[in-house]
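Subject: Structure for your study

Dear colleague,

Please find below the structure that I am handing over to you.

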Amino acid sequence: MLPDRLLTIGLRVAQALPVIFGVIVVSFILTRALPGDPAVYFAGAAADEASIAEVRSALGLDKSLPAQFWIYLTDLASGDLGQSISTGQSVASDLATRLPASLELTLISLVLSCSIAIPLGILAATRPGSAVDHLCRVLVTAGVSLPTFFTGVVLIYVFYYLLGIAPSPLGRLDFVYIEPDQVTGFYLIDAAIAGDWETWTGSLKQLVLPAITLALFTLAPLARMTRAAMLSALSSDYVRTARAAGLTEEKVLSTYAFRNALLPVVTTLGMVFSFTLGANVLVEKVFAWPGIGSYAVEALVVSDYAAVQGFVLAMALLFVALNLVIDLTYTMIDPRIGFQTK
Amino acid sequence: MNDTSRRSFLKGAGATALGASVLPFLKVLPASAASGDVVVAVTGQTINSLDIHRTGTNRPSYQVAVNVYDRLVSFGTKTLADGSLSYDYSVIEPEVAESWEFADDGMAIVFKLRPEGKFQDGSPITAADVKWSFDRAVSVGGFPTVQMKAGSLEKPEQFEAVDDLTFKINLLRKSKLTLPDLAVPVPMIINSKVALANATEEDPWAMEYLHKTPAGSGAFKVAAWKPGEQLVYERNDDWTSGPLPAVKRVVLREVPSPATRRALLERGDVNMSFNMPNKDAKELSDLDGITVATTPIENSIYCLCPNLAFEPFKDKRVRQAIAFAVPYDEVFQTAAYGRGAPMWGGENATPTDISWPQKFPYSTDLEKAKALLEEAGYGDGFEVPLSISQSQADWMEPTALLIQENLAKIGITATIEKVPGANWRTASLVEKRLPLHLETFGGWLNYPCYYFFWAYLEGHLFNSSNYRNEEIEALTAETLHMSVEDPDYAPKIKRMIEIVWDEVPRIALWQPALNVGTHDVSGYEYWFHRQLDVRGLKKA
């Protein structure tokens with residue numbers, strides 16, 4: 001079984017290679033197709049034509065597109081993602097600090113939203129029309145209809161500005177804390193490794209409001225999907241059979257209905273995760289969170305090619321990995337699903 | 001090191017030697033309770049380099065050149081009418097130079113450096129360092145080279161290290177702009193020994209090294225820098241170019257959302273919010289405990305520019321008609337929340353003094369506008385796109401909407417065209433292809449002729465209207481380097497102002513302002529570079 005699974009993983013990774021190459025080509029072409037001239041932008045306020053030309057050649061933008069692409073490919077092959085002009089750092093180091101920031105926030109908020117959405121969805125499905133079902137509906141509607149930046153600002157206003165119980169929305173750590181030495185880039189993990197529980201608490205406190213904001217937003221699709229999947233599972237033949245066989249309600253729910261309902265939920269979870277990671281720009285802005293979304297948007301606005309390409313590539317790699325993990329999860333939830341059965 | 005000892009260690013003064021990974025902060029003390037020598041400021045912008053000479057260094061990064069490096073000379077300080085502080089353009093003060101004098105023929109300046117002058121690493125500041133730094137600024141190209149050129153500082157041969165403490169600049173021409181241009185952030189003095197030790201064959205100016213590691217003599221050192229998050233300044237206790245600053249540390253946090261910055265300032269968790277939106281400045285100015293300094297930005301005007309390369313605007317009367325159609329007061333109140341200075345409603349068609357910017361002789365008069373259009377043969381109006389930049393939508397969008405509304409009343413159909421921020425400079429300034437658009441230019445060197453040089457001469461970057469007037473071309477060239485005391489200067493400038501008032505290639509809307517909110521901190525000073533100078537700050 002195990003070598004079999006390793007083989008399939010290897011196969012999947014190999015299949016992903018052309019996709020990644022396609023992403024590299026497309027992101028390269030698309031960034032060049034964007035309106036805007038980075039040389040003019042970065043030459044600064046009082047630049048004349050000569051200095052713009054100097055900047056253009058310093059950035060390598062005076063070369064032909066194929067030549068630029070070749071340079072980009074050879075750099076990539078040696079692991080060099082290029083220099084971001086807007087942050088002044090190498091793209092690799094930018095991604096190394098910003099991706100964990102986004103991942104930490106997104107993962108925490110997804111854990112939070114799953115721990116509410118899934119039980120809520122199950123309860124709502126088992127008691128359709130009840131108070132719980134209505135609560136679920138209200139939460140879901142509120143969650144999708146309130147844009148995240150709005151929820152974020154309201155939460156800051158109430159819990160920071162009015163009540164004063166939340167910490168200053170100053171990003172990942174208030175300035176009075178020392179950031180933990182980077183191991184994983186996840187402050188909670190790094191602080192725990194360093195054994196610095198003060199910083200750990202500090203960074204957890206900073207996470208609470210943005211995580212709740214994101215959780216409220218991601219709650220909706222998860223709860224809806226759980227409810228719908230559970231409803232269809234509960235009305236299925238095998239659940240009726242299980243009930244007729246006299247199994248306990250608990251056994252029916254957890255083993256037969258929930259396990260079968262989990263597949264679409266996991267699919268949705270994967271989609272919500274990838275969506276949230278790139279799309280929480282507004283939350284990042286409101287909470288001064290140094291994440292990947294705002295990085296990409298700012299790079300895009302000023303036509304910072306290397307940064308945009310690096311971002312797209314990192315996201316592509318992440319999604320390939322994520323899809324692999326989700327597919328593997330399927331096979332664990334439902335042994336009938338295999339990679340080979342196509 | 002266990003936790004308690006680390007904390008007490010950090011509180012101690014010995015924190016200087018700590019690297020960026022272990023920040024010298026007081027642990028677990030909120031800003032409001034922080035001891036008297038730490039100032040926390042928030043800004044919405046990112047600092048992307050510690051070296052102003054580097055290609056791609058953005059505007060907010062210029063403050064590092066101000067706080068971490070010194071120049072030969074600096075400007076004085078004055079108190080404005082509203083009690084806030086501003087740099088004083090008319091006074092040039094010593095910084096690294098102790099004194100200076102012009103050669104008898106006026107074609108050279110000789111600077112005597114302070115003998116006690118020291119870089120942050122303790123090595124002496126020598127004329128060789130000044131020469132190397134100036135050579136670098138004129139050689140690397142891009143913005144620093146252009147800015148040096150404004151002061152007629154163009155090639156390395158001009159700079160001469162006579163001896164260790166004597167530095168000579170040979171002038172290409174006599175110009176009033178040279179000395180002030182030495183006080184702008186660009187000609188900062190770099191520790192050339194450190195820089196050269198880190199230079200390579202491909203990188204003779206140590207661009208890579210100085211980008212992340214400043215080597216200056218300034219009042220503050222960079223204790224930590226995380227682009228996108230924060231910059232921490234720490235006082236250089238051995239500063240030799242001025243009085244020791246009152247605060248020990250300044251933490252500058254980047255908070256992109258203006259609403260969050262405002263909440264932080266109102267709650268008192270930060271001491272300063274730099275470059276606040278006009279709306280917040282207006283609303284917070286009445287609040288107890290918060291002081292808002294609103295300083296009109298010198299030599300800067302927000303303009304509506306009709307482009308003379310396009311047909312209806314070739315006619316002066318059409319441009320004047322538009323200038324009479326703008327709802328100035330509404331625009332100023334809506335888009336600027338009344339912060340800044342009005343630039344309309346001047347009394348005379350000829351200026352009485354040479355102050356700049358000053359009120360243009362236009363105000364909202366739709367009848368006059370219609371009559372002028374009629375006269376020009378456009379009585380039935382015409383259609384024109386009105387272009388604005390998406391990245392400056394905060395003031396451009398409301399302004400454009402109000403102008404559009406009034407233009408409709410005189411028969412001109414304007415459609416608002418939003419240009420992406422990355423494309424704006426190319427379209428408006430480089431290609432100059434926008435028929436009617438909003439524009440903003442501010443000159444660092446505070447002379448009207450300097451403004452004219454950039455904004456009214458044909459082909460110059462900020463002349464996005466494609467304007468050309470022979471008299472303006474000639475007069476600007478004559479006045480640019482002329483001394484202000486010259487008896488010819490004022491009459492010529494007045495004539496120039498009169499011409500551009502009459503021909504209005506740029507319709508002045510208002511003079512913008514820089515808003516800075518402070519809480520428990522005094523000593524904020526406005527500078528022409530519009531960046532935070534932390535040297536004068538004091539905890540209240």
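This is a predicted model: local features need pLDDT of at least 70, side-chain atom pairs count only at pLDDT 80 or more; totals for chains, interfaces and linings use all residues.

The confidence of chain A may be considered at the outset. Its mean pLDDT is 85, and 96% of the residues of chain A reach 70 or more. Within chain A, helix α2 (residues 38-42) has the lowest confidence, with a mean of 76, while helix α5 (residues 91-126) has the highest, at 91.

The UniProt record, an unreviewed entry, annotates several stretches of chain A as "transmembrane region", among them residues 105-126 and 207-223. In the model, residues 105-126 of chain A are 100% helix and 0% strand, with end C-alpha atoms 32 Å apart. Residues 207-223 of chain A are likewise 100% helix and 0% strand, and there the end C-alpha atoms lie 22 Å apart.

Chain B contains 18 helices and 22 strands. Its C-alpha trace spans about 80 × 60 × 45 Å along the principal axes. The radius of gyration of chain B is 25 Å, which agrees with the value near 24 Å that a compact globule of 540 residues would have. Of the 540 residues in chain B, 52% are buried. Among contacts in chain B between residues at least 6 apart in sequence, 69% join residues at least 24 apart.

Strands β15 (residues 383-389) and β16 (residues 413-419) of chain B pair in the parallel sense over seven bridges. Between β15(B) and β16(B) the chain passes through helix α14 (residues 393-409) of chain B, and this β-α-β crossover is right-handed. Pro385(B) stands opposite Thr415(B), which belongs to β16(B).

With kind regards

Terms used: Residues are numbered from 1 along each chain as its sequence is written. Chains are lettered from A and ligands numbered from 1 in the order in which they are written. UniProt positions are given in the numbering used here, feature names are shortened, and annotations may be inferred rather than shown by experiment. Helices (H or I, at least four residues) and strands (E, at least two) are DSSP runs, numbered from the N terminus. Two strands pair if DSSP finds at least two bridges between them. A crossover is right-handed if, with the strands pointing away from the viewer, the path from the first strand over the helix to the second runs clockwise. pLDDT is the predictor's confidence in each residue, from 0 to 100. The radius of gyration is taken over C-alpha atoms; the globule rule is 2.2 Å times the number of residues to the power 0.38. A residue is buried if 20 or more other C-beta atoms lie within 10 Å of its own, exposed if 12 or fewer, and partly exposed in between; C-beta atoms are placed from the backbone. Two residues are in contact if their C-beta atoms, placed from the backbone, lie within 7 Å.
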